[in-house]
Every structure is written in C-alpha cells, then in structure tokens.
Amino acid sequence: MQPLASLSRRAFDWVRSVAVDADGGLAWLEAGELFDDLYSGAAGVLFACAEATASGLDTSDVSAGALARLLHLTAGGPDAATMPDDGLFSGWAGLAVALRAWSDVAADDDAAAAAALVTSRIARRVVDSQPDPARYTDVISGDAGVLLVLLGDTSEPARTAANMLADRLVEIAESGPDGPQWRMVADYPILMPGFSHGTAGVAYALALAGVRLDRPDLIAVATQGGDTLLALGHTSDGWALPLSIPRQAHRPPVNYGWCHGPTGTVRLFVTLDAIDPHPRWRAAVDACVQALADSGLPARRYPGFWDNGARCCGTAGVGTMLLDRYRATGEVAFREWADRLADDVISHAVTTENGITWTNIEHTVNPPELPPEPGFMQGTAGIAGWLARLAGAHEDGDAVNPVGLEPPWV
C-alpha cells in the first residue's frame, strides 16, 4: 500500500481535476449543481486542505482556487444572494469556519479578515431577526450550528448574537419523558436525537456556549440534554441512539455515523465530562466507542448497513473521531483502529487517470454505485483530509491540533 500522504495527495489531485472555473476562483459541482458550502462545496474543500496542510501535505493547487472563490463571495456584500442561509454546513457560517481554519494553518490575514467579516454579518442578522417557530435548530443548517461559529469570534457583536441564539434554543426545547429534547424544526413529525439534526448537537452547542459566555444556566440545560440521551441510548443493537423517534419502517433502528450515531454523540459526552467530570459521562464516552467496535463496521453486514466511506455517515467520520480520541488520550489503539478503517477505505478507492476517488453505495438502486462526489462531508475531499491527518499522526503523533480549532467543528 502506498503511504497515506501519497494517497491523500492523489485524492486531492482528483478533487482538483473536477473543479470548475467560477467567479473569483474554483468551485465544485454535485449532481450538476454548483455548491460553495461546507458540506459539498468550496468551503468544505478548503477545510480539507487546511487539515492536510496542517499535517504537512502541500495542497496549494487546490486550496488557492477554493480560497479565491470564498474571498470573492465574501467581498460580494452582506446581502449578496450567493448562499441559501447562514447555516454551518449549508450556508455562510461554513464559509467562516473554512476561512478561519485556513487562516490558522497558513497564517493568512486575508482569510482571517474575511472570516471575521462573514461572522459579523451573521451576528447582525441574528440580532435584527425576530424569533421564528419555523427556524431550524440543528447543527447542519440551524441555530445550533450558527451558535458554534459565533462562539469562535470574541467580538462583542458575536457574543451578543450568540447569547440570543442560545436563549432561543433553550426556549424552543421540548419537555420529553427523560428531559429536554430538540426537533430539527418545530412541528417536525419525527425526532432525530443524534448530532446533526437533534438533541446531541444542540446540547453540545449549548454546553460550549455556557463555557464561552460564562453562563452556567446553559451548561445546566446541556447537561439535562445529555441525560436525555443517556436514557434513550440503550437499545438492542448496543449503545446507540435511535435513528428516529418514532422509528421509520424503511430505515434501520440505529445509525453509527457522525450524523446520527455514537461517532457524533460522543462529542457531547466528552465536552460535558471536561466541563464537570462525572462517571456517567466517562461511561457514556466508553459506551459510544464500544458500540462502534461491536457494530461490525466497516464490514457490510447486510445491504444498506455500511455503504458509505465519507465523513458524515461513513468510515472517514468514524476514523476522524478515533484520531480525536487518540490525540486526547494518547492511546495508540485508537490510531491503530483508524489505520484498519483506512485500509478498508483505500481498498474501495476508484483509480482514474487524474487521481483516486470514492463512490458511496445506494443498495436500493441499480447500479448501486453513486457518482463520486468531490465535497467534504460525502465526498473525496473529506476522505483526503482524514487520510492526511492519519499520515500526520504517524509522523509526529498528531501533536498539533489539525486546524487550530477548538472544538473540532466538523
């Protein structure tokens, strides 16, 4: 097998090969549509480049185009209709995260200034807005994700807006049988308690807000949210949250990815234990890790069980979490586990004349192989960033925070 850094570089080669010229720089398409966000677009590509650059890989041929595109969008003015919303993975907040990450690893003052400009505009829109019951609350595109990004800005306008969003999230919490819980949006027919769209992600944002804003009341609500999840998480499939409540017949009872499973939920328990150490949080962290070990992933136990290699719902997301645990604990077993996951992901790589890429599987369609995607959360850029991080962990023990961000935003 080629060295991890070389494989990561070949993956970035493929990402560069499918870039398209766009106003200001480079952009990337998914299903023929241009995206600039953190999930699928230029912001996610730049974030992956930041991960790789921090790990010693030269991605300048890719990062230069992605950065130029984001700087162009940022300069378009506060009302430029170039992003659908202010969301972390879907809109402007994701641009701020990517620009901030690149600034941290490349000492790029222009990127830092652009990130601050984006955040200031978001803060102003939050302050000027009225509470809306139809607002999304989640990490992907809602108030929880925006709150996380505002917490990375120490300016007074950002703090004011962060306090407002935190208050709104507390106010909209539902009283469930085991404690507070959050829907993706009010009146949504199902609860998805995991990190991307539900209680785990919102409670995580509130916990961090409690620390950054010096508000013990937010930490108390986040703690109650954590206890809600502890009560929900004991299932016949091992410790994992229900994918949805009530269960949807066409979907499995649990998920193991960053989005809906222990890979993402563990972040809340790690954070709560850091804020106020308690055996229940440490036990919850261990239970999340054990659930992943017991699940059998990345083996495809049955059609639809584990058909994704990416950051959001697949193997690279689990591998990223393992690197975070390795960095936090120094336990080499976590890195070795990540190595085994990398072996599986690499075995499924698609080799092209322009580099390597990956395709996810949708077992209900024929053919089941989906088109390769370049983006961060479901595509090649996210896998490439993780492989670069793993290579760096072997070189220097991953002693440097990959993108200089606390907490890990994605």
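A residue counts as exposed when its relative accessible area is over 50%, and as buried when that area is under 20%. Keep both cut-offs in mind while walking through this predicted model.

Start with Asp187. This residue sits in the loop between strand 5 (179–181) and helix 8. Its relative accessibility is 76%, so Asp187 counts as exposed. The backbone deserves a look too. Most residues other than glycine have a negative phi. Asp187 is not a glycine, yet its phi is positive, at about 70°.

Asp214 has a phi of about 55°, and it is not a glycine either. Find Asp214 in the loop between helix 8 and helix 9. At 64% relative accessibility, Asp214 is over the 50% cut-off and therefore exposed.

Now turn to the helices. Two packed helices are described by the angle between their axes and the distance between the axes.

Take helix 6 (residues 143–150) against helix 8 (residues 199–212). Their axes come within 9 Å and cross at roughly 30°. An angle under 35 degrees counts as roughly parallel, so helix 6 and helix 8 are roughly parallel to each other. Their crossing is left-handed. Helix 6 brings Ala144, Leu147 and Leu148 to the contact, and helix 8 brings Gly201, Val202, Tyr204, Ala205, Leu206, Leu208 and Ala209. Sorted by class, this contact of helix 6 with helix 8 has 9 nonpolar residues, 1 polar residue and no charged ones.

Helix 8 also packs on helix 10. Here the axes come within 9 Å, and the crossing angle is roughly 25°. That makes helix 8 roughly parallel to helix 10. This crossing, too, is left-handed. From helix 8, the residues in contact are Ala200, Ala203, Tyr204, Ala207, Leu208 and Val211; from helix 10, they are Thr265, Arg267, Leu268, Thr271, Leu272 and Ile275. The contact of helix 8 with helix 10 comprises 9 nonpolar, 2 polar and 1 charged.

Next, follow helix 10 to helix 9. How do helix 9 (residues 216–232) and helix 10 (residues 262–275) pack, and at what angle? The angle is about 130°, and the axes lie 11 Å apart. That makes helix 9 oblique to helix 10. The crossing of helix 9 and helix 10 is left-handed.

Move on to the loop between strand 7 (238–239) and helix 10. It holds Pro246. Most peptide bonds are trans. The bond joining Ile245 and Pro246 is cis, with omega at about -5°. Val254 lies in this loop between strand 7 and helix 10 as well. Is Val254 buried or exposed? Its relative accessibility is 8%, so Val254 counts as buried. For a sense of span, compare Val254 with Thr351. They are 97 residues apart along the chain, and their C-alpha atoms are separated by 33 Å.

Another cis peptide bond joins Leu297 and Pro298, with omega at about 10°. Pro298 belongs to the loop between helix 11 (279–295) and helix 12 (315–329).

Finish at Asn360. This residue is in the loop between strand 9 (355–357) and helix 14 (380–396). Asn360 has 12% relative accessibility, so it counts as buried. What does the side chain of Asn360 reach? It reaches the backbone nitrogen of Gly309, at 3.2 Å. Leaving out residues up to four places away in sequence, Asn360 touches Asp307, Asn308, Gly309 and Ala310, along with Pro368, Glu369, Leu370 and Gln378.

Note on methods. Residues numbered from 1 in each chain as written. Predicted model: local features only at pLDDT ≥ 70, side-chain atom pairs only at ≥ 80, totals over all residues. Heavy atoms only, no water. Axes fitted to C-alpha atoms, helices over the stretch in contact; angles between N-to-C directions. Helix = DSSP H or I, 4+ residues; strand = E, 2+ residues; numbered from the N terminus. Parallel < 35°, antiparallel > 145°, perpendicular 65-115°, else oblique. Left-handed = near helix turned anticlockwise from the far one by under 90°. Buried < 20%, exposed > 50% of the residue type's maximum accessible area, 1.4 Å probe, protein only. Polar contact = N/O pair within 3.5 Å; in protein donor to acceptor, adjacent residues only side chain to side chain. Contact = heavy atoms within 4.5 Å. Nonpolar A, V, L, I, M, F, W, Y, C, P; charged D, E, K, R; others polar.
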